[in-house]
Amino acid sequence: MNGSTIKVRECSRQQVIQPCSLELFNYQIDPYIGCEHHCHYCYTLNQADTDSTGEIFIHKDIIVQLNDEISTLEPQTIYMGMNTDPYQPCEKEYQQTRKVLEFLAQRGFSVCVLTKSELIVRDIDLFARMKGSSVGISIAFQDEQVRRLFEAKAPPNEKRIEALKMVRQAGIETYMLICPVMPFITDVESLIEKVAPYADTIWIYPLSMEKEKDRNWQNVKGILDRHFPDMTDRYRQIAFSTSHPYWTKLRRELDKLQQEKGFNLKIEF
Ligand code: SF4
């Protein structure tokens, strides 16, 4: 049993190591294709090949493939957690992420991993061996009932924060991603206060939508219509423009908070 009812199927594709769009990293690895957490705001829902409502794909012979692909690379930090959660429920059984970490550790690489799952504590031994690695947890809601509306299949916040605490106690660098900031719903300041004791860095990303027809916007709009009907139109203005005054004002407030309290914030809007 993998802890879920989702089907996990093997596939093979050309590259396991992909270029990474984040400034700090050259490469990323997603050990799975598709994500069981199925957060309703997730941008990957807009990609035609990642409809993860029914099935998840794993790379066939991932280590054989990695062995070929890595031969030309110098040891460096690889990002994991861009398009899928490396610790989604099926990882308990399939251990693709752990296999990748073991392989990278043997080759002298380090990782920067992002997840929503407490399963990450299983691999503390490997992160400790991979010097320069960091572990991040993402969170977007302070209220558990509201969280379940948007990301019912992901673990509760308390479990995530407890996991981050354990990782930090093990001497591994940690970060928290407050992502996405949902206007008028996410209380960014209270989340910062809550996680700051366990996170070396706190990154903050806005809810950012691209097209009205995209699945993630249609999902968010549906939840707003049902549960926060007076907010849908305001979201339509704010979520499609990172220069909207809502973000400018929040940015100012967070800059001030950072100056006053000395938090290590990275505000990405
Ligand atoms: S856990 Fe991350 S990758 Fe998975 S659905 Fe949620 S936001 Fe997307």
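These legends describe close-up views of a predicted model.

Local features in this predicted model need pLDDT of at least 70, side-chain atom pairs count only at pLDDT 80 or more, and totals for chains, interfaces and linings use all residues. Residues are numbered from 1 along each chain as its sequence is written, and side-chain values use heavy atoms, with hydrogens and water left out.

**View 1. The shell around the ligand.** Cys-35, His-37, His-38, Cys-39, Cys-42, Asn-83, Thr-84, Asp-85 and Lys-116 surround the ligand. The shell holds 3 nonpolar, 4 polar and 2 charged residues. In these classes, Ala, Val, Leu, Ile, Met, Phe, Trp, Tyr, Cys and Pro are nonpolar; Asp, Glu, Lys and Arg are charged; the others, Gly among them, are polar.

**View 2. The largest pocket.** The ligand takes up the space of the largest pocket. A pocket is an open set of points on a 1 Å grid over the protein atoms alone, where a 1.4 Å probe fits, with protein on both sides within 12 Å along at least five of seven lines. A molecule sits in a pocket if more than half of its atoms lie within 2 Å of its grid points.

**View 3. The lining of the largest pocket.** The lining has 49 residues. Lining residues have an atom within 4 Å of a point. Nearest the centre lie Tyr-43, Met-82, Leu-114, Leu-177 and Cys-179. By class, the lining divides into 23 nonpolar, 19 polar and 7 charged residues. Strands E7 (110-115), E8 (134-139), E9 (173-181) and E10 (201-206) each supply at least two lining residues. Strand E9 gives the largest share, 5 residues. Strands (E, at least two residues) and helices (H or I, at least four) are DSSP runs, numbered from the N terminus.

**View 4. The ring pair of Phe-184 and Tyr-246.** The aromatic pairs come to 6. Rings of Phe, Tyr and Trp (its six-membered ring) pair if their centres lie within 6.5 Å; planes under 30 degrees apart count as stacked, over 60 as edge-to-face and the rest as tilted. The ring centres of Phe-184 and Tyr-246 are 5.0 Å apart and their planes lie at 65°, so this pair is edge-to-face. Phe-184 is in the loop between E9 and helix H7 (188-195), Tyr-246 in helix H10 (residues 245-261), and the two are 62 residues apart. Phe-184 is partly exposed, at 39% relative accessible area, whereas Tyr-246 is buried at 18%. Buried means under 20% relative accessible area, exposed over 50%, and partly exposed in between (1.4 Å probe, protein chains only). Ring pairs also join Phe-184, Tyr-246, Trp-247 and Phe-269 into a cluster.

**View 5. The ring pair of Trp-217 and Phe-240.** Trp-217 and Phe-240 form an edge-to-face pair, with 5.1 Å centre to centre and 75° between the planes. Trp-217 lies in helix H8 (residues 215-227) and Phe-240 in the loop between helix H9 (232-238) and H10, so the pair ties together parts 23 residues apart in sequence. Trp-217 is buried, with a relative accessible area of 0%. Phe-240 is partly exposed, at 27%.

**View 6. Backbone angles to look for.** Most residues other than glycine have a negative phi, and most peptide bonds are trans. The peptide bond from Cys-179 to Pro-180 is cis, with omega near -10°. Pro-180 lies in strand E9. His-38 is not a glycine, yet has a positive phi of about 50°. His-38 sits in the loop between strand E4 (32-33) and strand E5 (55-59), and is buried at 12% relative accessible area.

**View 7. Helix H3 and its ends.** Gln-95 is found in the loop between helix H2 (91-94) and helix H3 (96-106). Phi of Gln-95 is positive, near 55°, and this residue is partly exposed at 31% relative accessibility. In H3, 8 of the 11 residues are buried, so the helix is largely enclosed by the rest of the structure. Among these buried residues are Arg-98, Phe-103 and Leu-104. Just after H3, Gly-108 has a positive phi of about 80°.

Definitions and conventions:
A residue is near a molecule or strand if one of its heavy atoms lies within 4 Å of it.
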